[in-house]
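Keep the 3D view open as you read.

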Amino acid sequence: MSEIIILPAAIEDRDNMADLFLSHISQHTEYISHGEIQMGVGEGIMQDGSFVTYPSPNAREMWLKYITAHIEDGGNNAKVLKAVEKGEDGERLAGFCVVDIEEDGADPFGMVCDVLVDERFRGRGVGGTLLERGIAWLREQGIKDIYLESGMHNHSAHDFFRRRGFVHVSEIFKLA
């Protein structure tokens with residue numbers, strides 16, 4: 001029998017997390033938001049009147065740079081959590097959550113940067129637990145306001161976040 005546990009991510013988790021992330025955005029380009037585009041993980045073009053996103057050619061390199069910085073932060077302004085299935089045949093990454101504290105407002109605020117669960121583990125409460133733990137860490141740091149952004153066509157994620165109390169507060173535009 002296996003169980004899923006939530007732990008802080010470590011540097012040695014980077015490659016497995018990158019594999020999960022890149023596999024997901026390659027199959028589900030709707031996950032790619034302005035955050036991925038800004039950090040060089042994703043790209044977008046206007047095609048037949050719609051903005052279409054896709055992973056950038058150097059997505060792995062750029063994502064490893066991003067996740068390394070968040071893990072190495074050591075919980076000062078960022079926290080990376082992983083969900084791991086522990087079973088008789090070892091451990092397997094089930095998902096992860098990245099949260100950080102931003103200080104470009106009147107008061108510091110929290111950002112849910114990523115919540116991603118391997119499709120084989122969806123529907124088992126893994127994403128909700130990861131999100132709850134990430135929010136709890138932000139609250140422990142004294143953070144009151146928490147935001148997130150999501151790809152414009154990532155409707156299942158939007159529903160997931162709405163069910164957990166998030167509300168739609170803005171739109172992001174990019175000059176094409």
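Two strands count as paired if DSSP finds at least two bridges between them. The helices (H or I, at least four residues) and strands (E, at least two) are DSSP runs, numbered from the N terminus. This is a predicted model, in which local features need pLDDT of at least 70 and side-chain atom pairs count only at pLDDT 80 or more, while totals for chains, interfaces and linings use all residues. Residues are numbered from 1 along each chain as its sequence is written, and side-chain values use heavy atoms, with hydrogens and water left out.

Start with β5 (90-102). Strand β4 (residues 78-87) runs antiparallel to β5, joined by ten bridges, and a hairpin of two residues connects them. β5 also pairs with β6 in the antiparallel sense, over eight bridges, and here the hairpin has six residues. D100 is a handy landmark: D100 stands opposite A78 and also opposite M111 in β6.

Now look inside. A nonpolar core is a set of buried Ala, Val, Leu, Ile, Met, Phe, Trp, Tyr and Cys residues joined through side-chain atoms within 4.5 Å, where buried means under 20% relative accessible area (1.4 Å probe, protein chains only). The largest such core has 25 residues, and M17, F21, W63, I67 and F96 touch the most other members. α1 (14-27), α3 (59-72), β5 and β6 (109-117) each supply at least two residues of this core. Apart from it lies another core, of 22 residues, including L81, C97, V99 and F166.

Key
Buried means under 20% relative accessible area, exposed over 50%, partly exposed in between (1.4 Å probe, protein chains only).
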